[in-house]
Amino acid sequence: MGYGGDVTEVLYGGDYNPEQWPEHIWEEDMRLFKNANINIVTLNVFSWASLQPSENEYDFSKLDRIMQLVKENGLKVCMATSTGAHPAWMAKRHPDILRTDAYGIKRKFGGRHNSCPNSPTYRKYAPMLARELSKRYKNYDNIVGWHISNEFGGECYCENCERAFRKWLKEKYKNIETVNKCYNTAFWGHTFYDFDEIVLPNYLSEHFGNEQTMFQGISLDYRRFMSDSMLECFKLEYDSIKMEIPDARITTNFMWFYKGLDYKKWAKDMDFVSWDCYPFPEDKISTVALCHDLMRGLKNQNSFVLMEQTPSVTNWQPVNKIKKPGEMRLLSYLAMAHGADAIQFFQLRRSIGACEKFHGAVIDHAGRDDTRVYREVKSLGNELTKLSDILDATTPSEAAIVFDWDNWWSVEYSSGPSIYLKYLDSVKDYYSALYKKNIPIDIIGVNDDLSRYKLVIAPLLYMIKDDLDERLRRYVSGGGTFITTYFSGLVNDCDLVTGAYPGKLKDILGIWVEEQDALVENEKNSFIFNGKRYPAGIICDIMHTEGAKALSCYESDFYKDTPVITENIFGRGRAYYVGSRSDEEFYSDFLSYVCSEIGVEPVIHTQNGVEATLRVNDKGKFLFLINHSSENRDVVMPFDAFDLLNEVDVKEGATVLLVDKDVKVYRF
Amino acid sequence: MGYGGDVTEVLYGGDYNPEQWPEHIWEEDMRLFKNANINIVTLNVFSWASLQPSENEYDFSKLDRIMQLVKENGLKVCMATSTGAHPAWMAKRHPDILRTDAYGIKRKFGGRHNSCPNSPTYRKYAPMLARELSKRYKNYDNIVGWHISNEFGGECYCENCERAFRKWLKEKYKNIETVNKCYNTAFWGHTFYDFDEIVLPNYLSEHFGNEQTMFQGISLDYRRFMSDSMLECFKLEYDSIKMEIPDARITTNFMWFYKGLDYKKWAKDMDFVSWDCYPFPEDKISTVALCHDLMRGLKNQNSFVLMEQTPSVTNWQPVNKIKKPGEMRLLSYLAMAHGADAIQFFQLRRSIGACEKFHGAVIDHAGRDDTRVYREVKSLGNELTKLSDILDATTPSEAAIVFDWDNWWSVEYSSGPSIYLKYLDSVKDYYSALYKKNIPIDIIGVNDDLSRYKLVIAPLLYMIKDDLDERLRRYVSGGGTFITTYFSGLVNDCDLVTGAYPGKLKDILGIWVEEQDALVENEKNSFIFNGKRYPAGIICDIMHTEGAKALSCYESDFYKDTPVITENIFGRGRAYYVGSRSDEEFYSDFLSYVCSEIGVEPVIHTQNGVEATLRVNDKGKFLFLINHSSENRDVVMPFDAFDLLNEVDVKEGATVLLVDKDVKVYRF
Amino acid sequence: MGYGGDVTEVLYGGDYNPEQWPEHIWEEDMRLFKNANINIVTLNVFSWASLQPSENEYDFSKLDRIMQLVKENGLKVCMATSTGAHPAWMAKRHPDILRTDAYGIKRKFGGRHNSCPNSPTYRKYAPMLARELSKRYKNYDNIVGWHISNEFGGECYCENCERAFRKWLKEKYKNIETVNKCYNTAFWGHTFYDFDEIVLPNYLSEHFGNEQTMFQGISLDYRRFMSDSMLECFKLEYDSIKMEIPDARITTNFMWFYKGLDYKKWAKDMDFVSWDCYPFPEDKISTVALCHDLMRGLKNQNSFVLMEQTPSVTNWQPVNKIKKPGEMRLLSYLAMAHGADAIQFFQLRRSIGACEKFHGAVIDHAGRDDTRVYREVKSLGNELTKLSDILDATTPSEAAIVFDWDNWWSVEYSSGPSIYLKYLDSVKDYYSALYKKNIPIDIIGVNDDLSRYKLVIAPLLYMIKDDLDERLRRYVSGGGTFITTYFSGLVNDCDLVTGAYPGKLKDILGIWVEEQDALVENEKNSFIFNGKRYPAGIICDIMHTEGAKALSCYESDFYKDTPVITENIFGRGRAYYVGSRSDEEFYSDFLSYVCSEIGVEPVIHTQNGVEATLRVNDKGKFLFLINHSSENRDVVMPFDAFDLLNEVDVKEGATVLLVDKDVKVYRF
């Protein structure tokens, strides 16, 4: 749904901070925006200190002038509440707003992400500001969205948080005995007699090394608590705005795969999802696509807003490579192909001071309209005006991959069997294989409806929460196909082991995993699947079939000839277990095999490096062709279609040429 | 002596934590123990919080039931005092029990090893609990040993420790002038006028980088003090138990080569030594053997208890490889071959929660008796019943290697000449060469009797404490053979240099070391010894003979043709100096040369990879043959013997086959 | 000028700490000094604790005896004020003297560099001691210099420093609006309303990672402030001494390229420059020479004192290699060739305890006069007596390289474009190329006179302070030649960007830099210059000429065929811009090209590895020939000269042989 409401065009623009410049620059900015087909600005992201000089004083005069100017110039506004960094005076007078780090050291004023989410000061003044802003600007009909704070994240370990954590635990567990049981405190004699004996898990208590913990239970709960604490801050501002503007469309900008916050839980309380896309040079394109699909999946596969991307270069990576000609355009269309309905930049004009002054911008320090970057921004702006019909189109997926923050946290808190167990890596293994086949994928949470899919994959499904096993049982027995992996089914939501592995998934999978061998770096076992040899590494489950059929066995070590991949017919469906980690080729071949067994089809077949993605709404079906390779590629059109960017018809069977980095969008 | 007392069988079992499970599981455990020939359980290791709900309240009801049950089932008990982790309520109400880290940050409740050894609270309640336990269970004649706390270790830098440190210094030095002299405080003007000016050496004062110090003297004293502080805690509990049970056999479990505590000093105050053996995958088997020999040597070469080993897998290593079939058996016999009289596991039943839930156990999460691990445990249990005669047998060594905590500490606190000077590495150089020749080795302290040995090796004997030089002088002049190395003889027990190198060893060695060159990584000089070329690295001492004979000289650099290895005839003995670090081949060849000169003989000669070890008592001589190679190996029996495990006679000259990982034990 | 005053010989000696030994050793020291031609001792470096036992008590009795002894033995004295480490009692009674680290943790007593520069206690007692010392010893005419504290450095973040920082800011900026503008606080809403809201930039506020900052402006100001704070401490002692001894010659010993203090600013307040030279094994000889030239340049190209070097070995490097025969002599002459007038060692006698006991010394632990090191020291001492005429000779340079602490700080605080931008590396690129050609180089500050030079090179001249652009404009238009590089001209002294790149240098260079691409490690572009191909890495500026001529263009990427090196004729001079980083060969070839264009000549041409350096005064011209290669080298004398060390005449055209590491000094 993106901004939704009355928006009828692809919104295009980005973060705009006119308060950093003298007002005579503003007029020039308006000219440059218009010339580049920019139609939306995100305002007010970091203005708290200037809007509120003291506890009881607000000064909106400059923002009034800005709002007036952008309205006159026909720009839509995404209005930020500017609570992403508190004022210096507030930190000085109300130090409870400052965070305490994982070593127990209280911070001073500085940076951003700097407010304690359980600070009474923060919880008072942040929503107050949101209320004041919405009261003052509620009649601006060009405000299409509200943007609370900025990139929520981080964590705090102060005394207010400790008290709030105890309260949170009391609400969750009711009595201390349940806490003891859930945390298994009998181990190492950590039995609590009172909630007040519980301290925050950090480097002063249960943590050590690099985010390792001695008690997974409490550390998991702290993650849930901290995510909830910030979500409460979000909701306080949300409610303040809604009190003034009941139909406001409210979001906050998410960040990539951000481990600290359970975005799936957050999305429920947001009107739409938006996010900031800053891949590293070493990220594969499939990882970027996965993240877009994740964002789409957070809120029921609805479209979202690409709130930030750089038009050219970041400044905060170790080495900041520029986006080459065509690269920004390609990445913008990639976002749209996977569900974005608006394309925005950080930032419209480049700051002259402080740490982001070398971050790319539409208007750079030279202030000229003849730079390569400006020209490319302008050209894309022109194209996007042709794509309004795509708004709200959805992705028709038959396959889903489960992504769950609790599993991410608990897998990586696990002490043993191997530090090489990485949740994202395993998700990418499966996503990437399907993505390269042009098979549309939904990223779903553990509570989402499974019945919509022919294929559900849950890599590293270590923790089985709530009735997930029962829902999987129903899904598979009802005809669904399920794939899971080593280190799955082991624990309940307290991170307590639930018996022989893979626990509650045993009957569905028809196996018993007796042991888990861990392989050191570069150590490999191997197996043969459909006549081809693949490596097995990191974890080698040693298992017995109990109903399942072994599709492949290990080739060496003392567990040679024991199963590594199994298939279990369960009711009307089937369940696969992959007991070790293999390589890219295996995942591709294995998923080809499974998909062909159950009839999961690609959008269309394309040559290597060309992505074909589909979005569908009542205005038509929209095919995106994106050439990620560094060479020219041909695609034979499988149907008649209309080329939206070039405004020409293309016939079925025609050969379409995509040059390096080119993108085409068709309606059919 | 191991558990000693009336124990007449090889005890076999391990840590058992029934308090983590509902009682109906306990009966099943008894069945599984009996079936696996398990005859001892270590109880109560982490029960403080459950045994003592408040300052004046104890609750032994559950432990009573456990003690009753295990007695009924004929199990011996190693009774832990459970003071290895304090209760949460105690930390909350008496925060002096919490430790302060080396950065001066006070910890909160959490983890284990968490009590300040100079905390009045800890020193009050820990011995009180030990007293209560011994009072309550003193009539259980199946208790064969008492296990104080658990794996003592770590360190504290709180104000109580600072005060205690000043007191410790006052007792040691009497007056502040002596402190100034011993620490050489005139350097950098650190002169103290009063004991109260002295602060703990840590990252707030004299330390920096990775455990480096600006004043070695105070840092060494802190290590001695911290080891003593914990030893006092041990002794407080020890005395409490002895007050109730004068003939109790008391230990605490040591850990590998643990640098923080002077185990040699501790062992004096313990009734027997026990330790926990958890090698890393990259540890050589000779290192494991060395550690067993070290433990045997701590208490006069008496036998010891292998208190913990994993039956299958650890969880806390980065990658936790499983012990393959036969590996646990081999490692158990290795322990016994080097002096263990009891073989115990951590743990008997696998926890379902917290950080060690993926640590191996005899009974794993599946709870079944048909797992590979359970079957191997049971099979070994059966074998051990045949080896009771070996109890208390000793190792007949003619060679000894000196191991000394003060030297370990001071060598590695040294600023210069090279960070590559590592005490353990040098000890391993010599141990490993003798071990591979099947030459029995005693690991001795600097105050142990030297006259028992034909050969004494003291690698990196940097610090000469007390009258060690005089005792070495007597030993060598009396006919002994002594080997030492570069960076030896330099300082006294205050870490003050005692003149021209190698200080008080100069006359014994007959050399003067003028300079010490340090070689960067991979840089090598070389020398020829008995016609063969070897590398020289890390340190190259540049020396002059003053009576000694050069056995070999450097081949390059400006000190080409100056001595690197010397031999000095001193009285009726000889002293060798090895002025640089070489490679495995050199140590093997050099020690073959020295041993053949003085008639130090192997147990028997075996093929590569087969270890032959001897233990002797009044019931016979016991030969262990252990095949560490990954192939079958033959051994020709040099005498008639009785194969204890297979219960057959073997004749002199017969060829015995040891398959991969096999072990045989003979009496002759 | 070195010690200047009445000194008429090359002073030779070093740090001497007799307070560490019993007095009977002192007489032996005198014998050994005399025998080695040592004529100066630096006394009293770390004696504060022994000189001042309490607030109101001084005890100079031992120093009196030392002063008496060295005077009797004809030794000159460099008198240290011993305030480089405060007494333990002072730390205990006046904890404001202790520093607080960048994490806000207050240190305890220990180490050195340990006094807070804004501590009232330190600012009271340090000058008081300097005053007492100068009062007591002012009549010793053998004191040739005063040595304040020792190796000033480090930093503090305590509350006194925070208050002092606010005061410093208030003096600099007058009002808070100017601070906000200069720091661009509108970014991220860091607007201050009052100076009291400003906190020190450290890991509690704006810093993160490895010395990265979120606000460059405040972090730069903190560096300036901390350098100034210590300089004030220096000046307090300086003034105390001058009150007693108006013509005292006062210095403090600098350290290598020390980033923390703006030595250029400090040198203004010192009577002469002295420094401690401890290269690492991996440092190139050109880097050592550069550092000598830097020290000479700090105070107007006057000669300086080599206050410390080791005669043999350091102890604090990871691996401490010994200086081989001849190496100490060569390094001593290298210092003299680049402007040293005195050669001193740390230390004359080796400590027996604490962290520097394995640091080399003229007299080592054996205390003998027949060591290699002592013999080499003695031999050099003998030679130096022949070189008195060289005192105060200067270096005739036509080329200068700009070195500026503000630029060093700001380049490396920059967030983007690449962490591989290292100020020193870029300075070394250019220095090393000229050095290898025997072209004399002055290292100058941004405010030094440019008109003396034919060539001025300013690598990474990121920040243009004051009127530097105007002075460069005048210099170039007046006929000078100027070279600068990528990442130059970008900001003003607040680190605010000043428009299109390279900002105020645009007209001088005749270019516009539109984009800066950053290349990952080992990634390279390339270009051809004068027919030869060179690599381009780290940064590739993408630029347009605006008057300049492209000398070379990139060979690949989308900016293929755009300029990488440009030349601009500007008035009567020319300005070169090098838009990327290349390799050693390029810098050599490029500077050969430029130097030959403008007639900058080497001292003489020599074979590879032989350095030729010139010093000139009214007693003659002095040519140093130094053979850095590891082989014999010939030099053909270009003029008649007198060999000062061998005391023979050499004729023009004669071939002089320099063996490995040899040095010759000629007057002509």
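This report walks through the symmetry, interfaces, domains and a few local backbone features of the structure above.

The model is predicted, so local features are taken only at pLDDT of at least 70 and side-chain atom pairs only at pLDDT 80 or more, while totals for chains, interfaces and linings use all residues. Residues are numbered from 1 along each chain as its sequence is written, chains are lettered from A and ligands numbered from 1 in the order in which they are written, and side-chain values use heavy atoms, with hydrogens and water left out.

**Symmetry**

Let us start with how the copies are related. In general, a rotation about an axis and a shift along it relate two copies of a chain. Here, chain B is superposed on chain A by a rotation of 120° with 0.0 Å of shift along the axis, at an RMSD of 0.0 Å. That is how a three-fold axis relates copies. The superposition is by least squares on the C-alpha atoms of residues with pLDDT of at least 70 in both copies. Within chain B, the residue that comes closest to the rotation axis is B:I105, with its C-alpha at 5.2 Å. The copies use different surfaces, since 2% of the contact residues of chain B recur in chain A.

The step from chain A to chain C can be described in like terms. A rotation of 120° with 0.0 Å of shift along its axis puts chain A on chain C, with an RMSD of 0.0 Å. In chain A the C-alpha nearest the axis belongs to A:I105, 5.2 Å away from it. Again the copies use different surfaces, with 2% of the contact residues of chain A recurring in chain C.

**Interfaces**

The table sets out two of the interfaces. Contact means heavy atoms within 4.5 Å. Buried area is the accessible area (1.4 Å probe) that two parts lose on being put together, summed over both.

| Interface | Residues in contact | Buried area | Share on carbon and sulfur atoms |
|---|---|---|---|
| chain A and chain C | 45 residues of chain A, 54 residues of chain C | about 4,300 Å² | 58% |
| chain B and chain A | 45 residues of chain B, 54 residues of chain A | about 4,300 Å² | 58% |

A salt bridge here is a side-chain nitrogen of Lys or Arg within 4 Å of a carboxyl oxygen of Asp or Glu. A polar contact is a pair of N or O atoms within 3.5 Å; within protein, one must be able to donate a hydrogen and the other to accept it, and residues adjacent in sequence count only if both atoms are side-chain atoms.

Between chain A and chain C there are six salt bridges. One of the salt bridges pairs C:E515 with A:R372, whose closest N and O atoms are 2.8 Å apart. Chain A and chain C also have 27 residue pairs in polar contact. On the side of chain A that touches chain C, α2 (48–51), α4 (88–93) and α12 (372–384) of chain A each supply at least two residues. The most comes from α4(A), with three residues. Helices (H or I, at least four residues) and strands (E, at least two) are DSSP runs, numbered from the N terminus.

Chain B and chain A are likewise joined by six salt bridges. A:D557 and B:K324 form a salt bridge with their closest N and O atoms 2.9 Å apart. The polar contacts between chain B and chain A come to 26 residue pairs.

**Domains and a buried histidine**

Chain A is split into domain 1 (11–157 + 220–386), domain 2 (399–598) and domain 3 (610–667), with bounds from an automatic or database domain assignment. The C-alpha centres of domain 2 and domain 3 of chain A are 35 Å apart.

A:H292 sits in helix α10 (residues 285–298) of chain A. A:H292 counts as buried because its relative accessibility is 1%, where buried means under 20% relative accessible area, exposed over 50% and partly exposed in between (1.4 Å probe, protein chains only). Beyond neighbours within four places in sequence, the contacts of A:H292 include A:W275, A:F304 and A:H338.

**Backbone details**

Most residues other than glycine have a negative phi, and most peptide bonds are trans. The peptide bond from C:G416 to C:P417 is cis, with omega near 0°, and C:P417 lies in the loop between α13 (405–413) and α14 (423–435) of chain C. Another cis peptide bond links C:Y501 to C:P502, with omega about -5°.

B:S149 has a positive phi, near 50°, and is buried at 3% relative accessibility. C:I538, in strand β18 (residues 532–545) of chain C, has a positive phi of about 65°.
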